[in-house]
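Grab a pencil and work through these exercises with the model open beside you. Try each task before you read its solution.

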Amino acid sequence: MEKEPQFDYELKSKQIRQYRTNDINSVRRAVCVNVQEYLVHQGLEEDHPLSLKKLSVSLLLILFGSGSFLVQFTEYSHIQIRFVLAILFAILMGLSFLNSYAQKSSNVFFKSSGRVKETAQSKKYISLLKGKQLRILYYTNSFSYTVKLEAQIVDKPRLFRAQQVLASASKEVQFSKYFSAHGFFYPPALKEDMDSLLLSVASKK
């Protein structure tokens with residue numbers, strides 16, 4: 001049986017296209033989605049934004065809120081009971097919000113808990129990232145037309161505090177490095193920078 005040829009991500013991706021490089025949001029979208037596709041292609045699994053833990057907390061809040069509402073139609077609908085349930089529900093909502101706020105970072109666009117699927121095309125840093133908490137951050141400076149990418153190894157998330165950075169590496173480049181004069185995305189430059197960043201940060205821890 002003839003072996004199926006292996007293509008790199010830019011030969012399969014729909015994100016290798018023309019962008020408006022005079023639009024900050026368009027540049028961000030171009031860089032972020034191509035980084036995501038490249039890392040997934042390398043075998044690094046991206047965490048789903050709706051984790052089992054988040055879904056469990058949301059379900060608990062929904063059930064508690066529904067119970068607080070329905071109790072008023074039962075024989076136990078005493079005003080004090082409803083008041084206590086309302087206070088408990090408000091406390092749970094507040095704690096959930098504080099936990100989400102403490103762990104939120106608007107610059108993070110890629111997270112991985114270290115689940116990898118190595119292939120023949122995977123770079124050697126993929127195995128080094130196995131089991132590690134990785135996140136990639138994006139920054140842009142519209143005045144100097146630069147993009148900054150930062151890779152971080154962080155500790156496991158804990159309640160009510162931001163994740164601690166254990167190792168990091170960053171690279172800042174001009175917009176023009178990732179785009180042609182007509183705005184078409186240029187994958188080789190991005191791949192080279194991401195390989196360098198991830199090898200550097202993976203080797204530190």
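Let's start with a definition: a residue is buried when its relative accessible area is under 20%, exposed when that value is over 50%, and partly exposed in between. Keep in mind that you're looking at a predicted model.

**Exercise 1.** Sort Y145 and F175 by accessibility, then describe the aromatic pair they form.

*Solution.* 
Step 1: Y145 has a relative accessibility of 48%, so Y145 is partly exposed.
Step 2: F175 comes out at 7%, so F175 is buried.
Step 3: A pair of aromatic rings is described by the distance of the centres and the angle of the planes.
Step 4: For Y145 and F175, the centres are 5.9 Å apart and the planes are at 85°. Angles over 60 degrees count as edge-to-face, and that's the label for this pair.
Step 5: Now find the two rings along the chain. Y145 sits in the loop between strand 2 and strand 3, while F175 sits in the loop between strand 4 and helix 5, so their pairing ties together parts 30 residues apart in sequence.

**Exercise 2.** Which residues have the most contacts inside the largest nonpolar core?

*Solution.* 
Step 1: This core has 37 residues, and the ones with the most contacts inside it are L149 and M194.
Step 2: Check which elements supply it. Among those giving two or more residues are helix 1 (24–42), strand 3 (146–154) and helix 5 (187–204).
Step 3: Zoom in on L149. Leaving out residues up to four places away in sequence, L149 touches, among others, V31, F109, Y178 and M194.

**Exercise 3.** Where is L88, and which nonpolar surface patch does L88 belong to?

*Solution.* 
Step 1: L88 is in helix 3 (residues 79–103).
Step 2: Its relative accessibility is 39%, so L88 is partly exposed.
Step 3: On the surface, I87, L88 and I91 make up a nonpolar patch, with about 250 Å² of accessible area together.

Note on methods. Residues are numbered from 1 along each chain as its sequence is written. This is a predicted model: local features need pLDDT of at least 70, side-chain atom pairs count only at pLDDT 80 or more; totals for chains, interfaces and linings use all residues. Side-chain values use heavy atoms; hydrogens and water are left out. Patches are made of residues with over 30% relative accessible area and no salt bridge: like charges are joined within 9 Å, nonpolar side chains (Val, Leu, Ile, Met, Phe, Trp, Tyr) within 5 Å. Accessible areas come from the Shrake-Rupley method with a 1.4 Å probe; for residues, only the protein chains shown count as cover. A salt bridge is a side-chain nitrogen of Lys or Arg within 4 Å of a carboxyl oxygen of Asp or Glu. Helices (H or I, at least four residues) and strands (E, at least two) are DSSP runs, numbered from the N terminus. Buried means under 20% relative accessible area, exposed over 50%, partly exposed in between (1.4 Å probe, protein chains only). A nonpolar core is a set of buried Ala, Val, Leu, Ile, Met, Phe, Trp, Tyr and Cys residues joined through side-chain atoms within 4.5 Å. Contact means heavy atoms within 4.5 Å. Rings of Phe, Tyr and Trp (its six-membered ring) pair if their centres lie within 6.5 Å; planes under 30 degrees apart count as stacked, over 60 as edge-to-face and the rest as tilted.
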